[in-house]
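Dear colleague,

Please find below the structure that I am handing over to you, followed by a short account of what was found in it. I would be grateful if you could read the two side by side.

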Amino acid sequence: MRIVSGIQPTGSLHLGNYLGAIRNWVRMQDNLASGNGESGQCLFFLADLHAISMPHEPAALHAATLEMTAVLTACGIDSSRSILFNQAQVPAHAELQWLLNGTARMGWLNRMTQWKDKAGKNREGASAALFTYPVLQAADVLLYQATHVPVGDDQRQHLELARDIAQKFNNDFASEDEPVFTLPDAITPPAAARIMSLRDGSKKMSKSDPSEMSRIELADDADTMAQKIKKAKTDPEPLPSEVAGLEGRPEALNLVTIYAALADTTNEAVLIQFGGQGFGAFKPALAELLVESLAPVRDRFVELRQDREMLDAILARGAAQARELGVPTLDATYKALGLVRG
């Protein structure tokens, strides 16, 4: 079992990233390393090549890549048990993307929902990189013969595209007995919480939201976290005793979901405990749990982001491992295409 997943190093990581993806990364890493479950390997990468598909500040991207390395390490990604690296140090990602561009089809890419959303009405003004972004995503996982890729609903379409590209390449250039690429399966962690904005329960918590009060950032100190929960949008009704009572109350549902995710329990269990109480009682309890859960992560992050030498070493070691793992697949792809390499 080989799990591959990436995250863009843009902006500050927030609670939604942690509960929706990073905490599950850590659990997958720990499960595979423990030997209690399936054996295998995890590769986690910072998608800095993806980041340049949109306008960006080079200095900010450089700083964010190092900061993201510190955050992931603080959250529990252990570079001695997982491979943690950034794409730019593994040229095979970009090489394989170009080789796969010959197999990917314009019609497939045109159907990508994220392309339509991000390009908007100005498709002619969007970068070519934004259009071919999903082919690089395919290369990211196919390069390492990934068997499983953790995905949310917003990335499932891209994983299906990766499987389509792999299948067509294998059909066109390889034999059934010796395919070049493994077709990766999706992992949708059952406990992955969908965390919404603290200012609007109908929108996902996002690092691009102009309001800092809309999200809990992993770099926030305890007082800031508590203040954001205190000022989070709610409604005047008390919490219900059953989940059905949260219907039509997106902000209430969001805060209950956050509590349940942090406590590793269910929304039902939270409502059994707090049903009938108002937010004047629930918010302080949520803030206390939040600070208790994230304070160790925040403290470790503050320490790590000052240690540039350690961060460079983590990325360099991970990149060296990733480059070695990717060589057989890249060589097989060049050979299958009939390209002369000397």
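How many salt bridges does the structure hold? The count is 11, and it was computed on a predicted model.

The side chains of Asp30 and Arg81 form a salt bridge, with a distance of 2.8 Å from N to O. This pair links distant parts of the chain, as its members are 51 residues apart. Asp30 belongs to helix α1 (residues 15-34), whereas Arg81 sits in the loop between α3 (58-75) and β3 (83-86). Asp30 has a relative accessible area of 28% and is therefore partly exposed. Arg81 is likewise classed as partly exposed, because its relative accessibility is 41%.

A salt bridge also joins the side chains of Asp172 and Lys168, at 2.9 Å from N to O. Both residues lie in helix α8 (residues 156-173); because they are four residues apart there, about one helical turn separates them. Asp172 counts as partly exposed at 41% relative accessibility, and Lys168 counts as partly exposed at 23%.

Are the partners in the salt bridge between Glu217 and Arg215 buried or exposed? Glu217 and Arg215 are both buried, and their side chains meet at 2.9 Å, N to O. Elsewhere, salt bridges with shared partners connect Asp30, Asp78 and Arg81 in one network.

I turn next to helix α9. Which residues of α9 are buried? They are Met225, Lys228 and Ile229. Viewed down the helix axis, these buried residues fall within an arc of 100 degrees, so they line one face of α9. Asp223 and Lys230, on the other side of α9, are exposed.

Lys230 also takes part in a surface feature. Together with Arg199, Lys231 and Lys233, Lys230 gathers in a patch of positive charge on the surface. Why is Lys233 classed as partly exposed? The reason is its relative accessibility of 41%, since partly exposed covers the range between the buried class, under 20%, and the exposed class, over 50%.

With kind regards

Note on methods. Residues numbered from 1 in each chain as written. Predicted model: local features only at pLDDT ≥ 70, side-chain atom pairs only at ≥ 80, totals over all residues. Heavy atoms only, no water. Patch = residues over 30% accessible without salt bridge, like charges linked within 9 Å, V, L, I, M, F, W, Y side chains within 5 Å. Areas by Shrake-Rupley, 256 points an atom, 1.4 Å probe, with all protein chains shown as cover. Salt bridge = Lys/Arg side-chain N within 4 Å of Asp/Glu carboxyl O. Lys, Arg positive; Asp, Glu negative; His and termini not counted. Charge placed at Lys NZ, Arg CZ, Asp CG, Glu CD. Buried < 20%, exposed > 50% of the residue type's maximum accessible area, 1.4 Å probe, protein only. Helix = DSSP H or I, 4+ residues; strand = E, 2+ residues; numbered from the N terminus. Arc of directions from axis to C-beta.
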